[in-house]
Amino acid sequence: MADSIRVSNTSRVLPVPTSDDYHPPLLSLSFLDAFWTCIGPVQRLLFYRSEAPLASVVLSLKASLSVTLGTFYPLSGKLALSADSGDLFIDYGAGGEDDGVEFTEAKTDENLERLVTDHAHHWETYKRLMPDMRIERLPAPLLAVKVTGFRGGFTVGVSVHHVAGDGNSFSRFVKAWAETCRSGGDAVVMREAVTFDRAVVWHPRNSDICRSYLDVWAPSRPTMTFHTFVKPTSEIARRTFIITTKMIQSLKRIATETSRNGDSTQTKKKPPSTFVAVAAHAWTCITRARATEDGVSTMFFMADCRSRVDPPIPQGFFGNCVKVCNTKSNVADLSVGEGHGFRFACDAIERTIKEETSEPFRGCEEWVQRLLAGLPDHGRIVNFAGSHRFGFYKADFGWGRPSRVEFVSMPNEGAVVMNDARDDEGGVQLSLTLPPHDMEVFATMFLDGMDGLGSDGFKL
């Protein structure tokens with residue numbers, strides 16, 4: 001299928017000027033932005049069932065993107081290098097023929113339905129449905145879009161440079177674009193005013209911290225070096241699982257149990273969050289699927305700091321405001337049956353969240369060194385990204401909600417991405433990568449744990 005995709009046109013979309021106050025043409029990076037110069041583009045792929053003509057779809061998407069960029073104007077710029085200081089900044093006022101966002105149109109005679117319904121990912125095809133956004137050398141674009149027409153629908157592939165913003169920011173942009181398109185091209189009124197002011201996350205040593213990060217991540221700038229942090233695996237399976245609200249409620253119930261006496265069950269503390277419950281179950285199943293009898297299992301995840309600093313950062317802030325957290329546990333502890341390993345994982349994740357977010361930016365000068373020191377020698381980690389709160393399934397451009405949403409930038413094993421579930425409010429879509437054999441073992445364990453939701457709960 002990948003070979004049948006043909007590019008028909010490439011153009012550039014410029015932002016429609018707004019009546020807002022003048023915006024300076026440059027945006028300095030915060031240390032939270034600079035931390036993310038080490039990874040490649042973040043790629044989301046949205047699938048839409050539709051019989052609408054591709055030409056009309058493209059016309060509406062381009063017009064509404066132009067309007068939306070008027071609000072999210074830094075995304076139309078580039079990540080650039082200061083020749084004098086060696087610092088990086090976002091430049092959206094340079095002027096030139098490559099201004100704006102590259103918008104690629106493509107088509108294929110294939111049917112969309114198989115890509116929508118298969119639990120397994122057609123990753124080579126997914127990659128061909130994404131824009132070719134080259135960011136290996138500065139100046140580098142921050143956003144690119146590719147729309148591909150199929151029989152029975154179309155896909156919208158959106159790539160963004162992580163330096164421009166985190167998943168919270170990216171999701172708000174996509175949903176604002178969708179609402180603008182659905183409304184016929186009128187700029188939407190954002191629930192929270194969008195601000196790009198990095199002063200809200202500033203640090204008194206911001207410039208020094210940014211340079212220290214860049215000296216590790218990109219010592220040869222303007223040539224950029226990207227890191228995967230795990231050893232490559234020759235063959236990887238990618239698959240999506242849906243966890244219903246009922247399943248999540250059962251997980252939370254089991255997390256609170258301490259012991260069972262006959263038909264009675266003793267419980268403790270309040271239930272964990274949805275993230276903790278789902279992540280703990282996935283972490284324990286992945287650890288057991290890898291069949292490592294001893295050693296340590298390392299899990300990485302992101303913590304959003306917007307509400308965890310004093311004063312809280314405005315919810316309309318567009319940029320990066322997440323920190324990387326990691327927790328480690330002995331494989332033996334995570335592998336204990338009867339739900340004990342799962343509860344151990346919940347406790348470990350909750351303990352790490354509490355420790356890492358009590359003073360979110362404490363020790364930020366050492367974040368890069370801490371990240372590298374936290375990587376295990378064997379390179380096999382569990383790396384969680386995304387969130388069920390982002391709401392990508394709400395991105396209705398006017399042809400209905402997406403039939404499927406996938407995170408494409410998952411090149412290495414051990415990646416786990418959370419989305420909201422399309423057809424179950426409160427459910428979670430979980431997509432992950434593992435070697436084929438480990439994936440089969442994981443699926444059996446994971447789905448067994450999701451079966452039998454009667455009096456005995458999960459088979460953990």
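A cavity here is a set of points, on a 1 Å grid over the protein atoms alone, where a 1.4 Å probe fits but cannot get out, and its lining residues have an atom within 4 Å of a point. The model is predicted, so local features need pLDDT of at least 70 and side-chain atom pairs count only at pLDDT 80 or more, while totals for chains, interfaces and linings use all residues. Residues are numbered from 1 along each chain as its sequence is written, and side-chain values use heavy atoms, with hydrogens and water left out.

The whole structure holds 2 cavities of 30 Å³ or more; a volume is the space filled by probe spheres set on the grid points, which are joined across faces, edges and corners. The second largest cavity has a volume of about 30 Å³. L32, F35, W36, V322, K323, V324 and W367 line this second largest cavity. Strand β14 (residues 322-330) gives the most to that lining, with 3 residues. Helices (H or I, at least four residues) and strands (E, at least two) are DSSP runs numbered from the N terminus. The lining of the second largest cavity has 6 nonpolar, no polar and 1 charged residues, where Ala, Val, Leu, Ile, Met, Phe, Trp, Tyr, Cys and Pro count as nonpolar, Asp, Glu, Lys and Arg as charged, and the others, Gly among them, as polar.

The largest cavity has a volume of about 40 Å³. Its lining consists of V67, T68, T71, A176, T180, A187, V188 and M190, which divide into 5 nonpolar, 3 polar and no charged. Both α2 and α5 supply at least two residues of this lining, and the largest share, 3 residues, comes from α2.

Helix α2 (residues 54-71) has 18 residues and spans 26 Å from first C-alpha to last, close to the 26 Å expected, that is, 1.5 Å times one less than the number of residues. Among its buried residues are V57, L61, V67 and T68; buried means under 20% relative accessible area with a 1.4 Å probe, protein chains only. The cover over the buried residues of α2 includes β1 (6-13), β6, β8 (143-151), β9 (153-160) and α5 (167-182).

Strand β6 (residues 101-111) contains T108. T108 counts as buried because its relative accessibility is 5%. Leaving aside neighbours within four places in sequence, T108 is in contact (heavy atoms within 4.5 Å) with S4, I5, R6, T148, G149, F150 and R151. The T108 side chain also reaches the backbone nitrogen of E110 at 3.2 Å.

Key:
Buried < 20%, exposed > 50% of the residue type's maximum accessible area, 1.4 Å probe, protein only. Polar contact = N/O pair within 3.5 Å; in protein donor to acceptor, adjacent residues only side chain to side chain. 1 Å grid on protein atoms, 1.4 Å probe; cavity = no way out; pocket = protein on both sides within 12 Å on 5 of 7 lines; lining within 4 Å.
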